[in-house]
Amino acid sequence: MTDFDSVELLDVSRHFGRRRALSHVSLTARAGDILGLLGPNGAGKSTIIGALATLVAPTSGEVRYGGKRARALGDGLRRHIGLLAHELHLYPELTARQNLEFFAKLYGADGAPAIDAALERAALADRGHEEVQGFSRGMRQRLALERALLHQPRLVLFDEPFTGLDDHAVSIVASRLRELAAAGAIVIIATHDLDLADGLVTRVALIREGRLLSDEPAAAGLRARYRSVMGHA
Amino acid sequence: MRKIFLPLLVVATAMFAYAPYLIDGAAYESSMGLVQKIFYFHAPSGMVMLVSAIVCGVASALYLWKRNPGADHLALASAELTVLYGLIVMLTGPLWARKAWGIWWDWDARLTMSFVGWLIAISYLFVRKYGGPGSDKLGAALAVFGTANVPFIYLSVNFWRTLHPKTSVVPTLPPLIAGPFWFSALALFLLYLLLLTARLHLERQRAALDALYLEEED
Amino acid sequence: MFARTALLVLQKDFAIEVRSREILYTTLLFALSCVLIFSIAFVKEGEPLLDAAAGILWIAVEFAGTLALGKTFERERYAETLRALLLAPAPRAAIYLGKMLGVVALLAVAEALLVPLVALLFHAPLFAEPLLLVALLAAGTVGFSIVGTLFAAMLVRARSRDVMLPILLYPMTVPVMIAGVRGTSALLQSPADTPSAIMWIGLLASLDVVFMTIALWTFEPLMTE
Amino acid sequence: MLSTLLVNRLLMALALFQPAAQGEFVPVTPGTATEQLPAGPLVIAAYAIIWVAMMFYLWTIWRRLNKVESDMRALERRRAASSSAK
């Protein structure tokens with residue numbers, strides 16, 4: 001059993017030499033949450049995402065999935081993690097369908113219906129046989145989103161997913177995220193874009209210079225709250 | 001260690017300074033004559049270099065697996081000393097070779113092995129200095145592979161061609177030569193340990209400084 | 001799961017290469033230019049120097065291999081797909097194995113071109129003992145790829161990766177080169193010195209086993225940031 | 001340190017030339033080019049190289065250590081100043 005319904009960072013620090021990318025961060029996210037990691041560029045959001053995705057090893061502290069450490073859960077743990085970063089994790093030389101097929105097989109989830117459905121959702125059903133390098137940024141982003149969610153991960157990690165998307169695309173992504181959370185996923189989004197986070201996230205964690213400044217339920221007036229916390233720290 | 005460091009350094013230096021008198025008294029090797037005396041420094045330096053390289057490899061493997069910062073410090077310090085002793089070996093060797101073999105350099109098993117080992121140790125330091133973040137692990141992999149490489153290089157060049165005196169020379173040295181030889185080997189090894197300690201101290205201080213910077217950020 | 005993942009990665013690289021053929025063509029072209037350059041150095045009065053063929057063949061393989069390694073991982077770096085691969089729910093060493101097999105396959109194609117070319121241009125009887133030559137090339141190429149793939153994968157995150165790869169790789173593959181060159185020139189003798197060639201193949205095979213063990217063992221800790 | 005080094009080298013040179021006078025030196029083939037190279041200076045050079053290398057290395061450690069320790073002191077002073085300012 002490698003599934004889980006909560007993830008937590010326990011006093012996690014990560015340093016590179018004398019620079020602290022993360023400093024004693026403790027956070028918990030449960031199924032159904034849409035947690036927004038907010039902060040300026042270089043605040044350590046990506047490091048948190050990396051630590052949650054098992055790609056970054058904390059210098060001290062630990063990451064727990066449903067109360068268990070990654071090492072105890074083994075390689076199967078990663079079956080339940082989906083990551084979408086700013087770099088889109090797609091092979092530009094392959095077609096949209098080939099990209100999806102490859103990652104589906106990598107996760108042991110093999111099925112043409114799932115891939116068809118994913119292409120449908122990305123609004124690329126009729127362009128599945130075209131190479132990704134011919135796609136616009138928006139098309140690639142939609143495809144990348146479906147690629148990251150193809151194996152129905154429990155933990156959905158987004159690192160700046162909205163850069164370069166138009167308003168319409170953003171609203172589609174946002175509704176997709178709400179669906180996922182309602183279906184029991186743990187959604188964690190790192191972004192510096194407050195407008196997008198406002199109204200979407202159910203909880204906010206404000207981060208600056210590797211430190212967690214505040215962890216609270218989202219409420220109206222996110223921008224004012226952000227400014228007051230960031231300003232006073 | 002701090003307390004006995006200086007006395008030990010004096011002892012080791014004195015030993016090394018005294019070594020020439022012993023070596024002077026040692027028997028002469030008939031075919032090579034005086035130049036053979038370089039052997040008393042050259043061969044032990046080569047031994048120390050090999051020991052240092054192995055220490056670096058083992059410490060790096062330990063660091064990769066256990067993530068123990070102490071092992072990383074040891075690996076870095078012994079890599080520097082591998083380069084230092086390698087330099088000594090590389091410089092003293094040709095002096096002997098020129099006289100004994102009539103050439104400065106030859107691609108025989110030990111020369112090639114020392115040269116490649118030396119090159120790997122230098123590139124290790126290069127990686128540590130210019131590799132950016134993550135260079136500690138990159139260097140560790142380099143050291144592990146480099147150490148695993150040593151026997152293969154030796155074997156391969158040995159099959160290929162060899163001009164160098166065989167390893168078996170050392171244990172069969174006549175007592176008149178063996179005494180001074182092991183004396184200077186001991187002196188050089190002691191110096192190695194002391195330099196290693198000093199270098200480790202430097203690395204620990206650096207780590208402490210980094211920790212201070214980190215604390216200040218808190 | 002391990003073998004399946006490795007095969008999947010290999011298949012994926014193959015599919016990309018079939019579509020773009022970029023790495024294959026650059027590698028082949030580069031190997032050809034190497035041979036050309038060496039012909040300038042090692043041909044005297046129209047006659048190639050004795051033993052030059054073995055050296056030229058292996059140096060061309062090593063240089064072209066370095067280029068191929070750099071390009072292969074540039075591809076994984078471009079959209080950070082290497083990170084996506086590391087997230088696969090399989091032992092991470094499987095990803096390494098898949099990438100390594102891809103490099104071996106690519107170099108095998110390059111060698112299929114290089115061997116007849118060198119044999120022709122440098123009057124070398126490379127096909128006197130075809131089985132031994134294939135065994136030697138296979139053992140040597142695998143040895144080179146084991147080290148090369150590991151270092152190229154690690155360097156994906158480093159700043160000056162293009163410079164670093166050859167600096168780190170060439171000293172590390174000295175035994176592979178010695179065994180390859182010596183083994184090949186043993187085969188080039190007339191009559192071919194088969195016992196020596198077999199000894200070199202044995203040395204390469206044991207090196208492959210040792211290096212492969214270390215590489216599989218260190219890949220996971222090396223790739224975690 | 002430097003003076004001991006010089007004295008050592010001098011003693012070394014003196015010591016080395018004595019055995020040559022004892023006549024135990026057996027030339028391999030007199031008259032070849034290699035034998036015209038005097039062995040004494042080569043041996044002295046080899047010995048001197050080791051001294052120079054060791055001393056130089058020790059000096060670099062000492063220098064780097066000084067730099068790290070002065071950084072540490074500066075940092076501690078800064079922290080003390082900032083904590084008293086609060």
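Which residue stands opposite Val187(A) in S8(A)? Ile34(A) does. Keep that pair in mind as we walk through this predicted model.

Start with the sheet in chain A. This open sheet has six strands, in the order S6-S7-S8-S3-S9-S10, and its pairing is mixed. Strand S6 (81–84) and strand S10 (211–217) of chain A stand at the edges. Each has a single partner strand, so one side of each is left without a neighbour in the sheet. On average, neighbouring strands of this sheet are turned by 15° against each other, direction ignored.

Now look at S8(A) and its two partners. S3(A) pairs with S8(A) in the parallel sense, over five bridges. S7(A) also pairs with S8(A) in the parallel sense, over five bridges. In S8(A), Ile186(A) has Leu155(A) opposite.

Is S8(A) buried or exposed? Six of its six residues are buried, so S8(A) is largely enclosed by the rest of the structure. In a regular strand, side chains alternate between the two faces of the sheet. Check both faces here. Ile186(A), Ile188(A) and Ala190(A) are on one side of S8(A). Val187(A), Ile189(A) and Thr191(A) are on the other. All of these are buried, and both faces of the strand are covered.

Ile207(A) stands opposite Leu212(A) in S10(A).

Helices lie across the sheet too. Helix H5 (residues 137–149) of chain A lies across S6 and strand S7 (155–159) of chain A. H5(A) runs at about 165° to S6(A). Helix H6 (residues 167–182) of chain A lies across strand S3 (34–38), S7 and strand S8 (186–191) of chain A. H6(A) runs at about 145° to S8(A).

Next, leave the sheet and turn to chain C. Helix H8 (residues 174–188) and helix H9 (residues 194–223) of chain C pack at an angle of about 160°, with their axes 8 Å apart. Angles over 145 degrees count as roughly antiparallel. That makes H8(C) roughly antiparallel to H9(C). Their crossing is left-handed. From H8(C), the contact includes Pro175(C), Val176(C) and Ala179(C). From H9(C), it includes Trp200(C), Ile201(C) and Leu204(C). By class, this contact has eleven nonpolar, two polar and one charged residues.

The axes of helix H4 (residues 109–130) of chain B and helix H7 (residues 161–172) of chain C come within 9 Å and cross at roughly 155°. That makes H4(B) roughly antiparallel to H7(C). H4(B) passes H7(C) in a left-handed crossing. H4(B) brings Val116(B), Leu119(B), Ile120(B), Ser123(B) and Phe126(B) to the contact. H7(C) brings Ile167(C), Leu168(C), Pro171(C) and Met172(C). These residues divide into eight nonpolar, one polar and no charged.

Chain B also touches chain A. Six residues of chain B are in contact with six residues of chain A. The chain B side of this contact has three nonpolar, no polar and three charged residues.

Finish with chain D. It has two helices and zero strands. Of its 86 residues, 13% count as buried.

Technical notes: Residues are numbered from 1 along each chain as its sequence is written. Chains are lettered from A and ligands numbered from 1 in the order in which they are written. This is a predicted model: local features need pLDDT of at least 70, side-chain atom pairs count only at pLDDT 80 or more; totals for chains, interfaces and linings use all residues. Helices (H or I, at least four residues) and strands (E, at least two) are DSSP runs, numbered from the N terminus. A residue is buried if 20 or more other C-beta atoms lie within 10 Å of its own, exposed if 12 or fewer, and partly exposed in between; C-beta atoms are placed from the backbone. Axes are lines fitted to C-alpha atoms, for helices over the stretch in contact, and angles run from 0 to 180 degrees between N-to-C directions. Angles under 35 degrees count as roughly parallel, over 145 as roughly antiparallel, 65 to 115 as roughly perpendicular and the rest as oblique. A crossing is left-handed if the near helix is turned anticlockwise from the far one by less than a right angle, and right-handed if clockwise. Two residues are in contact if their C-beta atoms, placed from the backbone, lie within 7 Å. Ala, Val, Leu, Ile, Met, Phe, Trp, Tyr, Cys and Pro count as nonpolar, Asp, Glu, Lys and Arg as charged, and the others, Gly among them, as polar. Two strands pair if DSSP finds at least two bridges between them.
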